[in-house]
Amino acid sequence: MLRATYLFLIGVIVTFASLAFAQETDIDRAMEMSRKTGKPIFAIASRKICPPCQKLKSRVSQLLDRSPVRDDIVYLRIDLDEPSWREWSKRFPHQGRMLPIVYMIRADERQLYGRSNTLPGEQLHKFLVQGVAHSGESYSLEEIKNLETANRSIETAIAEGNWELAISSLRSTTNLGKPGQLDSHASAAVRNNQLAKLIGQKSNAYLQSRLASITRELEGDEASQFKAVSQFVLLEQTFGQLEDTADHISRVAVKLAIRKDLRTLWSHARQLQDASDRLVNASDREGIEKAIQTLDTLEASDVPEIVKTASRKVRSRNRAIVASLRVPSTK
């Protein structure tokens, strides 16, 4: 039993290590790793008897030992004498007749670069940094797992026509970017963007009904207005970026903008939602501190009591995270 547990832990460690810095000589594994994480493939095609090739690979190893860029790429080494080279060269053509041949392939298999080059001097580091910059966001193992879980929940909700759950599940990924606009070519991110668009296409009737209800509640007392505006903020953040639903959202936004009292409540509701999102999704101390600062400001300022009550509720829901500020930073 202990041996099995030990082997399992070793497997987990290896998996995390390979995600943190993926070095591959197997093309299929490199492509799979790239698709999963969103990291681009930096590939060197060479021969063992080629001195310039060996020199470049040695320089790459030295650079990746000390540069953070190592965590943002999948490093693939291709032997031109192996059968896999022929298939690779058909899929990704290159320019030049000399060795080594250098590639940068995005996670969606779009070829950004492919030509003979030894990347002398500072060109190597600049090449890697620019390649990463043009390849979208990449994700950690935990982020990928959370994104895949959210996708499954969204798919189930869409199949059942449960738009409340679909929206809630979609919003659970806001720490990675705006719903429907994740800037990543990782397969889970691509699927998440597709699902966001599908929600926008299929939930029109639901959205219009919710917005009509919110519009009616805006004519009530201050408590009803703040509740309605807070609900609108959630819909705004989820649907406002989607092509199929943006017009419905903007019509209600105009109603809020032209009335000073509603515009003020709208601003407070946005601040509270932003603070709540920061606390729920905070991965760093700075994000938590900004959220707490927002809550402190609202509770100490001359705002309606309903806003202060909502702020205290946000603080209470996240009291464990708020308490973590008492732990000294290790930075």
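In this predicted model, a search of the whole structure identifies six aromatic pairs. One of them is formed by Trp88 and Phe92, whose ring centres are 4.6 Å apart and whose planes meet at 55°, so the pair is classed as tilted; an angle of this kind falls between the limit of under 30 degrees for stacked rings and that of over 60 for edge-to-face rings. Trp88 and Phe92 are both buried.

A further aromatic pair consists of Phe232 and Trp266, with a distance of 6.1 Å from centre to centre and an angle of 65° between the planes, an arrangement that is edge-to-face. Because Phe232 belongs to helix H10 (residues 222–239) and Trp266 to helix H12 (residues 260–281), this pair ties together parts that are 34 residues apart in sequence. Both of these residues, Phe232 and Trp266, are buried.

Turning to the cysteines, a disulfide is a covalent bond between the sulfur atoms of two cysteines. The structure holds one disulfide, which joins Cys50 to Cys53 with a distance of 2.3 Å from S to S. The torsion about the S-S bond of Cys50 and Cys53 is about 80°, and the disulfide is therefore right-handed. With regard to accessibility, Cys50 has a relative accessible area of 10% and is therefore buried, while Cys53, at 0% relative accessibility, likewise counts as buried, because the term applies to residues under 20% relative accessible area.

Conventions
Residues are numbered from 1 along each chain as its sequence is written. This is a predicted model: local features need pLDDT of at least 70, side-chain atom pairs count only at pLDDT 80 or more; totals for chains, interfaces and linings use all residues. Side-chain values use heavy atoms; hydrogens and water are left out. A disulfide is a pair of cysteine sulfur atoms within 2.5 Å. Buried means under 20% relative accessible area, exposed over 50%, partly exposed in between (1.4 Å probe, protein chains only). Rings of Phe, Tyr and Trp (its six-membered ring) pair if their centres lie within 6.5 Å; planes under 30 degrees apart count as stacked, over 60 as edge-to-face and the rest as tilted. Helices (H or I, at least four residues) and strands (E, at least two) are DSSP runs, numbered from the N terminus.
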